[in-house]
Amino acid sequence: MPRVGTLVLVCGLPGSGKTTFAKRLEQETHAIRMCPDEWIEALLADLNDRDEKNRLRDAVENLQWDLTKGYLAKGLTVVLENGFWTEEERSQYAMEALELGAQIQLFAMDSSDLDELWRRIEIRNQSLDTVTWVMVREDHESSWAGYQAPTEEEIAFYDDGGFL
Ligand SMILES: Nc1ncnc2c1ncn2[C@@H]1O[C@H](COP(=O)(O)OP(=O)(O)OP(=O)(O)O)[C@@H](O)[C@H]1O
Ligand SMILES: [Mg+2]
């Protein structure tokens, strides 16, 4: 009988608290947490190389997803905090996990308050050593406008999860 792992998706815009929440889960449940930003930063030879940073994102997300599927098949719990801004992206991950026999969970960080998110992003911007990770207000506004927050119905499809 196949083992049943658990895939936890954490969605939300920058500054919404995904990493904070995912780290808490990691500690409390001994889950494996994978964060694309952390790997990209570790891989960059030049922290100021914005093109390379953008190129690495797909490669890192794909690599983490391949690893995740292997962990799920072994019955482990994996927390992904890629952002997952669209329902289409969330459901692609969820469907593949279901095919592996895994449980699925979706937690949606509150991303509704554009100015509160921007306040947190600005604080972080000021603490960064390199410009590569600095976010500008214009990009924040377009991300905010394009973000598809999950509906109650979408969350209800999952085995567990909720709005945070
Ligand atoms: N519920 C919360 N209320 C207030 N501040 C919070 C909350 N959760 C996180 N923060 C703070 O907001 C900032 C951003 O949090 P965090 O790094 O967890 O967000 P994120 O969604 O992972 O952002 P990114 O997508 O940019 O990585 C941090 O300074 C964190 O301490
Ligand atoms: Mg984060």
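User: Why does Val134 count as partly exposed?

Analyst: Burial is read from a neighbour count with C-beta atoms placed from the backbone: a residue is buried if 20 or more other C-beta atoms lie within 10 Å of its own, exposed if 12 or fewer, and partly exposed in between. Val134 has 13 C-beta neighbours inside 10 Å, and therefore counts as partly exposed. This is a predicted model, in which local features need pLDDT of at least 70 and side-chain atom pairs count only at pLDDT 80 or more, while totals for chains, interfaces and linings use all residues. Residues are numbered from 1 along each chain as its sequence is written, and chains are lettered from A and ligands numbered from 1 in the order in which they are written.

User: Where is Val134 found, and which residues does Val134 contact beyond its neighbours within four places in sequence?

Analyst: Helices (H or I, at least four residues) and strands (E, at least two) are DSSP runs numbered from the N terminus, and Val134 belongs to the loop between α5 and α6 (137-146). A contact requires C-beta atoms, placed from the backbone, within 7 Å of each other; once the neighbours within four places in sequence are set aside, Val134 contacts Asn125 and Leu128. Between Val134 and Ile121 the C-alpha distance is 8.5 Å, with 13 residues of separation in sequence.

User: Which residues surround ligand 1?

Analyst: A residue is taken as near a molecule if its C-beta atom, placed from the backbone, lies within 6 Å of it. Around ligand 1 these are Gly12, Pro14, Gly15, Ser16, Gly17, Lys18, Thr19, Thr20, Asp37 and Arg120, so that Pro14 and Gly15, both contacts of Ile121, are also part of the ligand's surroundings. Helix α1 (residues 18-29) makes the greatest contribution to this shell, with 3 residues.

User: Which residues of the largest nonpolar core touch the most other members?

Analyst: Nonpolar side chains in soluble globular proteins tend to be buried together. A nonpolar core is a set of buried Ala, Val, Leu, Ile, Met, Phe, Trp, Tyr and Cys residues joined through C-beta atoms within 7 Å. The largest one here holds 22 residues, and Leu7, Val8, Leu9 and Val10 touch the most other members. At least two residues come from each of β1 (6-11), β3 (77-83), α4 (87-99) and β4 (103-108), with β1 giving the most, 5 residues. Beyond four places in sequence, Val10 touches Lys18, Phe21, Ala22, Val79, Leu80, Glu81, Phe107 and Met109.

User: Which residues in α3 are buried, and what do they pack against?

Analyst: In α3 (residues 50-73), Val60, Thr68 and Leu72 are buried, and the buried residues of this helix pack against β1, β2 (32-34), α2 (36-43), β3 and α4.

User: What is the phi of His30, and what is that of Phe84?

Analyst: Neither residue is a glycine, yet phi is positive in both, about 60 degrees for His30 and about 50 degrees for Phe84.

Terms used
Two residues are in contact if their C-beta atoms, placed from the backbone, lie within 7 Å. The expected span of a helix is 1.5 Å times one less than its number of residues.
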